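Colleague: I would like to go through this model with you, one question at a time. Shall we start where the chains meet?

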Amino acid sequence: MRNRFTELFEGLLNSNPFKNYYKKNRLRPPGAATEETFMELCIRCARCIEVCPYDSIERADLFEKLQIGTPYVYPENKACYLCMRCMKVCPTGALNPKLTEGKQVRMGIAVINQNVCLNFLYYRDEMTGVSSTGTAQLCGTCYNVCPYTDEAIVMEKFILPVVTDKCTGCGICTEKCPATPEKAISIYPEGMPVDKNTGYFGRRSKVHGEERKKSKDALRGEKLLEEKQKIDSSDAKPDFEYNTENYDQEW
Amino acid sequence: MKIKRYRRTAQILTVFAIFFIPVLNVFELYFIKGTFISMDIGDAAMADPLAVFQSMIAAGRVNEYMLGSVVIPIVLMLLLGRVWCSWFCPYYLCAEFMSWLRRKLKMKAYKPKFAENIHIKQSKVRYIFLFAGLVLMAIAGVPILNLISAPGIISTQAMVLVKFHYVTFELVFVAVLLLLELFYFRFWCRFFCPTGTFLSFFRSKRGMTVRKVRTECSNCMSCVRSCPMMINPMTMGETSHCNNCGDCVDACPDNKKEDTLKFTFK
């Protein structure tokens, strides 16, 4: 009974239109508390906006309900470069001033849309033997541009970019992603509730992984890739297990 | 030298600072940073006590960053009275400009006649407005009183103008207030401004106050006429309405012969 009441109460609180206003590619500055407490603590003094040397923190407009005046990072326009200046300036602790390194930041997590990403399309074409795009393009911009290379984004099979849980959500990959008009990689803000889109991407990656497991021998490109793996000499690559089942549960 | 001249200098310097601090920050000089909702000078953090109080209520917790940023303004307030409003607030300067404009246009504004109990009426309206705002804020769970803090809006808009080269719709709110200022004498500062109301809680009688030092004076009432907060400076200097602007000290004709109405510390 009590649980049901608390659930109802929490549900009412979470449906507060002034809080929990999540959106894809729309993040709080690094070190921000959870969205609810952030909205409580932020006094809209705009100091983080003033101090940002890259102009990546922007001020929310009047059209965003009571969010007006609060800071946002739109990684499609300008990503956060983790200079760690804004959180030292916050007077109320809405941005945690104890963070010192960029690695500790969790603004969100990057999710790759496998229907748009060139590498995944290429891999699928190789796998099925049918060219869907008519071209064979490989890019790997997100991997190169990531500030924590080989930690936050790992190249599986040396062509498939996969985001690990070390992703800080800084959004540099989103800013630099060449896919148009929709970005192939986008950031979902930290604490974003289970969303249709998020579930969709999670499901896609799961399906894709299962397909690959089933048709292991039938793959044409797979053997080629394995041969390519043998040629590679960098033993320093970290071992990464692409655990698709846990990936879905995290959301 | 008249106090008003010092005060005007301080006000114009603050308006200059509003635009100059973001310029410094654009050139990556971070010694002074912030807006009038909160500001850093070196390592000393200062924040609007009302803004911090709101986030304390909304979050239901206190941390050391909040307390640290409130100390300097409150100590200043206890020592010097509510000088923030009359000596530094950019909105106050605009309101004074509007009353000057009204005099130039020869308009008649609604200025009630002085009565001894006017401060009770004023404080009723002020406290009810602040309390209602705080209740609304607690329901929304968001510090919304910052959205109607006129000095905060002016300084953040100046920052946005310097850094991003645009101005948002919030400035219309301040413009409307200033237009109404033409018809109702100093109504925002006297009755509504939540920042000023909250700051007046920190007024101590030990700090700088206007007092009638001499027992006798010519009773010309020029100090009462000059007071922008519509109180009697001779008796009500210690109340929370007085913001130590010093207009009454300037206006007093007896001060030329002998000290009558003065800023005193106790």
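Modeller: Arg47(A) forms a salt bridge with Asp40(B). Keep in mind that this is a predicted model. In it, the closest N and O atoms of the pair are 2.8 Å apart.

Colleague: Which helix of chain A and which strand of chain B hold Arg47(A) and Asp40(B)?

Modeller: The bridge spans 2.8 Å from N to O. The pair joins two chains, because Arg47(A) belongs to chain A and Asp40(B) to chain B. Their places are helix H3 of chain A for Arg47(A), and for Asp40(B) strand E2 (residues 38–41) of chain B.

Colleague: Is Arg47(A) buried or exposed?

Modeller: Buried means under 20% relative accessible area. Arg47(A) has a relative accessible area of 2%, so Arg47(A) is buried.

Colleague: And what about Asp40(B), buried or exposed?

Modeller: The cut-off for buried is under 20% relative accessible area. Asp40(B) has 7% relative accessibility, so Asp40(B) counts as buried.

Colleague: Which lysine of chain B also meets Asp40(B) in a salt bridge?

Modeller: Here the N to O distance is 3.9 Å. A salt bridge needs the nitrogen within 4 Å of the carboxyl oxygen.

Colleague: Now the whole interface. How many salt bridges cross between chain A and chain B?

Modeller: Side chains of opposite charge can pair when their charged atoms come close. Arg47(A) with Asp40(B) is one pair that joins the two chains. Across the interface of chain A and chain B, the number found is 3.

Colleague: Which elements of chain A each supply at least two residues of the side that touches chain B?

Modeller: Two are helices and one is a strand. They are helix H2 (35–41), helix H3 (47–51) and strand E1 (57–59) of chain A.

Colleague: What classes of residue make up the side of chain A that touches chain B?

Modeller: Chain A brings 32 residues to the contact, and chain B brings 42 residues. By class, the chain A side has 18 nonpolar, 4 polar and 10 charged residues.

Colleague: What area is buried between chain A and chain B?

Modeller: Carbon and sulfur atoms give 60% of the buried area. There are also 13 residue pairs in polar contact between the two chains. The area itself is about 3,000 Å².

Colleague: How many residues apart in sequence are the parts tied together by Arg8(B) and Glu96(B)?

Modeller: Their side chains meet in a salt bridge of 2.7 Å, N to O. Arg8(B) lies in helix H1 (residues 3–26) of chain B and Glu96(B) in helix H5 of chain B. So the pair ties together parts whose separation in sequence is 88 residues.

Colleague: Of Arg8(B) and Glu96(B), which is buried?

Modeller: The cut-off is under 20% relative accessible area. Arg8(B) has 27%, so Arg8(B) is partly exposed. At 8%, the buried residue is Glu96(B).

Colleague: Which residues are linked with Arg8(B) and Glu96(B) in a network of salt bridges?

Modeller: Arg8(B) and Glu96(B) pair at 2.7 Å, N to O. The network also takes in Arg7(B) and Asp247(B).

Colleague: Where is Phe114(B), and which residues does it contact beyond its neighbours within four places in sequence?

Modeller: Phe114(B) sits in the loop between helix H5 (90–105) and helix H6 (118–140) of chain B. Its C-alpha atom is 8.2 Å from that of Arg225(B), though the two are 111 residues apart along the chain. Phe114(B) is partly exposed, at 29% relative accessible area. The contacts are Val224(B), Met230(B), Ile231(B) and Asn232(B).

Colleague: Last one. Over which residues of chain A does pLDDT stay under 50?

Modeller: Where pLDDT is low, the predicted coordinates should not be read in detail. Chain A averages a pLDDT of 75, and 70% of the residues score at least 70. The stretches under 50 include residues 193–206 and residues 246–251.

Notes
Residues are numbered from 1 along each chain as its sequence is written. Chains are lettered from A and ligands numbered from 1 in the order in which they are written. This is a predicted model: local features need pLDDT of at least 70, side-chain atom pairs count only at pLDDT 80 or more; totals for chains, interfaces and linings use all residues. Side-chain values use heavy atoms; hydrogens and water are left out. pLDDT is the predictor's confidence in each residue, from 0 to 100. Contact means heavy atoms within 4.5 Å. Buried area is the accessible area (1.4 Å probe) that two parts lose on being put together, summed over both. A polar contact is a pair of N or O atoms within 3.5 Å; within protein, one must be able to donate a hydrogen and the other to accept it, and residues adjacent in sequence count only if both atoms are side-chain atoms. Ala, Val, Leu, Ile, Met, Phe, Trp, Tyr, Cys and Pro count as nonpolar, Asp, Glu, Lys and Arg as charged, and the others, Gly among them, as polar. Buried means under 20% relative accessible area, exposed over 50%, partly exposed in between (1.4 Å probe, protein chains only).
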